Amino acid sequence: MAEPVVRIPDAKVALSTASVYPESTATAFEIAARLGYDGVEVMVWTDPVSQDIEALRRLSDHHRIPILAVHAPCLLVTQRVWSTDPWVKLQRARAAAEKLGADTVVVHPPFRWQRQYARDFVAGVWRMANETDVRFAVENMYPWRYRDREMLAYAPGWDVTGDDYRHFTIDLSHAATARTDALRMLDRMGERLGHVHLADGNGSSKDEHLVPGRGVQPCAEVLERLALTGFDGHVVIEVNTRRAMSSAEREADLAEALAFTRLHLASAAKVPRR
């Protein structure tokens with residue numbers, strides 16, 4: 001006979017500072033602490049505070065909430081943040097993570113026009129990973145689409161499971177935009193899954209980053225599988241709240257996302273009766 005038990009993994013639930021945009025990085029720390037998140041992931045971008053290690057340390061200390069991960073500045077809008085050299089960006093992201101006590105750096109694969117960077121990317125990430133205890137978790141992306149045209153914007157490719165990386169980040173909104181099966185991608189990542197960006201999507205050509213449960217992605221199933229496999233990385237809420245009509249509405253969305261995540265991480269499992 002077997003009886004149902006609740007198995008809750010060691011995974012911590014963090015708030016991406018990108019989830020409060022257009023509000024500030026500082027606001028993200030305040031909201032994360034007030035709502036009961038386990039920590040934050042700092043998206044390094046045009047907000048000067050996100051680029052300032054000492055300012056981030058003060059926010060972490062003031063709100064008593066740890067920085068669990070640093071997202072390197074990989075977006076088009078961050079091409080000049082922390083240098084125009086992509087390897088310098090990763091070196092600075094690693095240094096920031098080490099100084100702030102974060103154990104993960106999230107990085108996107110290169111854009112195709114970054115030819116030298118793309119050519120050396122897989123080997124270069126391995127070299128950097130061998131120099132630190134910080135995980136470099138490479139994130140799945142998606143093809144860019146316009147009407148009936150598709151452009152492969154990333155190299156070696158948007159589906160990072162086709163390349164040899166030590167750790168992966170799975171982003172469910174990106175999986176929706178790529179119109180790929182997130183559960184199969186999870187299987188391909190296997191034990192190399194180190195980090196999760198949780199958000200929903202409907203398969204639009206736009207990267208939607210909806211609150212989990214508001215799209216068609218298997219957010220609940222992914223969380224339940226993490227619980228059953230004892231995942232010990234971080235689950236980061238990375239949602240788009242730009243359409244919120246007020247700060248209160250934005251905070252309600254982020255509270256809903258946290259509740260959804262905690263509920264489905266507490267997954268029923270069957271174990272033998274002793």
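Modeller: One cut-off to start: buried means under 20% relative accessible area, exposed over 50%, and partly exposed lies in between. Also, this is a predicted model.

Biologist: Fine. How many salt bridges?

Modeller: The count comes to 13 salt bridges.

Biologist: Start with Glu30. Which residue does Glu30 form a salt bridge with?

Modeller: Arg34. The closest N and O atoms are 3.1 Å apart.

Biologist: Where do Glu30 and Arg34 sit?

Modeller: In helix 1, residues 25-35. They are 4 residues apart, so about one helical turn separates them.

Biologist: What network are Glu30 and Arg34 linked in?

Modeller: A network of salt bridges that also includes Glu251.

Biologist: Switching topic. What about Asp164 and Arg192?

Modeller: Their side chains meet in a salt bridge, 3.7 Å from N to O. The pair links distant parts of the chain, 28 residues apart. Asp164 is in the loop between strand 8 (149-151) and strand 9 (167-171). Arg192 is in the loop between helix 6 (182-189) and strand 10 (193-198).

Biologist: How accessible are Asp164 and Arg192?

Modeller: Asp164 is partly exposed at 47%. Arg192 is partly exposed at 28%.

Biologist: Last one. Which side chain does Arg184 meet in a salt bridge?

Modeller: Asp181, at 3.9 Å from N to O. Arg184 has a relative accessible area of 58%, which is over 50%, so Arg184 is exposed. Asp181 is partly exposed, with 36%.

Technical notes
Residues numbered from 1 in each chain as written. Predicted model: local features only at pLDDT ≥ 70, side-chain atom pairs only at ≥ 80, totals over all residues. Heavy atoms only, no water. Salt bridge = Lys/Arg side-chain N within 4 Å of Asp/Glu carboxyl O. Helix = DSSP H or I, 4+ residues; strand = E, 2+ residues; numbered from the N terminus. Buried < 20%, exposed > 50% of the residue type's maximum accessible area, 1.4 Å probe, protein only.
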